[in-house]
Amino acid sequence: MDEALEQDLLLRKKALAYRSLPSTREGLIDFCSNDYLGLARSSNQFQPAQPVFHGATGSRLISGNSALAESLEKELADFHRAEAALLFTSGYTANIGLLSCVASRGDTIIYDELAHASLRDGIRLSHARHFAFRHNDLAHLQEKLRQATGRVFIVVESLYSMDGDLAPLSELAVLAQAHDAALIVDEAHATGVYGAKGEGRVVALGLEEQVWARIHTFGKALGGHGAVVVGSKILTEYLINFARSFIYTTAMPDAQLEYIRHAYRLMQNSDRRYRLLENIQHFCVRLKMDFNDKVTLNKSPIQVLQVTGNEGVRLLSESLGQAGFWVKPILHPTVPKGRERIRICLHSFNDQKEIDSLLNKIIKIDDHVTTA
Ligand SMILES: Cc1ncc(COP(=O)(O)O)c(C=O)c1O
């Protein structure tokens, strides 16, 4: 069996798609993690009411429910301006649970081609027909909507993790309404970043009524782990009954629930968000001056610098690593050939000197940076 598996691994290596766990990047300046507000670094401020780790002892439907979980769900529903909320142990399980159960045979799910793997896995587990539409292309989505049958769902991310660009949520909401489709928005990367208190883009745009379901994850700006689906009371009741990744798994332990509550309070501190937004602005101004047409200038913490070819991306990220900067090379086949890139994640805790020295270093090795 191992030999057979090894053959598959060799094929991956040949295709330059082999994955291995990276070495720890201690000491490097973080331009890679999703810890946008630095909350994962503030864990020393976390003093749980229950310092002893208690397991949940079972799934929520058996022995794992608690007043703490229910009150947290109420708090999160209010915070994200929804009728109800249901906790999941991760964003991955929230997405596969939700997408696999809400649509049935004869229904249609239409999703952005860049939707996260967890959304696509959930869609594959459902019995519904499904189609992808070209990234952020509303005309193409409309074409697909015309072919839809049964109950119709549109699935998008609010901020895309590989490209760092934003979904046109207001226009999507109008289209969804016109076609009587339910709009599902994954706010994983937008939670904590957008909205006056970090509620996400749906609340920032006042679209709570038009978006049928939202997924907020705690592993990114909240610096923790887990997720919540927010929507109507009927939706959360339905998920408790039909979402297999909710039903058949042990609930989160109290310490984790306490951390989530604590992180939501820290997240609302506008200083961190303000510093992050300032860093995004600073980075974009510098990038525009220095690279002009090679960058996307996203109004988001995820910035992308196009570098053609896996080799160029690797060399650039290695040189940056040697110079003390931790960035993520995104290679083909994760992205199409010719669209390889360096992904730079900005944080509230990066200071502008660090951003300047990162960009100065990139300019120095500009030979590798080719026009996309
Ligand atoms: C858009 C999106 N949705 C869902 C997930 C999964 O969330 P989690 O890491 O909590 O499982 C991720 C994580 O990478 C993501 O980027």
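The chain's domain assignment puts domain 1 at 58-267 and domain 2 at 269-368, with bounds that come from an automatic or database assignment. Keep in mind that this is a predicted model, where local features need pLDDT of at least 70 and side-chain atom pairs count only at pLDDT 80 or more, while totals for chains, interfaces and linings use all residues. Residues are numbered from 1 along each chain as its sequence is written.

Where the domains meet, 12 residues of domain 1 are in contact with 12 residues of domain 2 (C-beta atoms, placed from the backbone, within 7 Å). On the domain 1 side, six of these residues are nonpolar, four polar and two charged (Ala, Val, Leu, Ile, Met, Phe, Trp, Tyr, Cys and Pro count as nonpolar, Asp, Glu, Lys and Arg as charged, and the others, Gly among them, as polar).

Now zoom in on strand S6, residues 182-186. Helices (H or I, at least four residues) and strands (E, at least two) are DSSP runs, numbered from the N terminus. Four of the five residues in S6 are buried, so the strand is largely enclosed by the rest of the structure (buried takes 20 or more other C-beta atoms within 10 Å of a residue's own, with C-beta atoms placed from the backbone).

And who sits beside S6? Strand S5 (residues 152-157) pairs with S6 in the parallel sense over five bridges (pairing takes at least two DSSP bridges), and Val155 has Ile184 in S6 as its bridge partner. Strand S7 (residues 213-217) also runs parallel to S6, joined by three bridges, with Asp186 opposite Ile215 in S7.

Methods: A residue is buried if 20 or more other C-beta atoms lie within 10 Å of its own, exposed if 12 or fewer, and partly exposed in between; C-beta atoms are placed from the backbone. Two residues are in contact if their C-beta atoms, placed from the backbone, lie within 7 Å.
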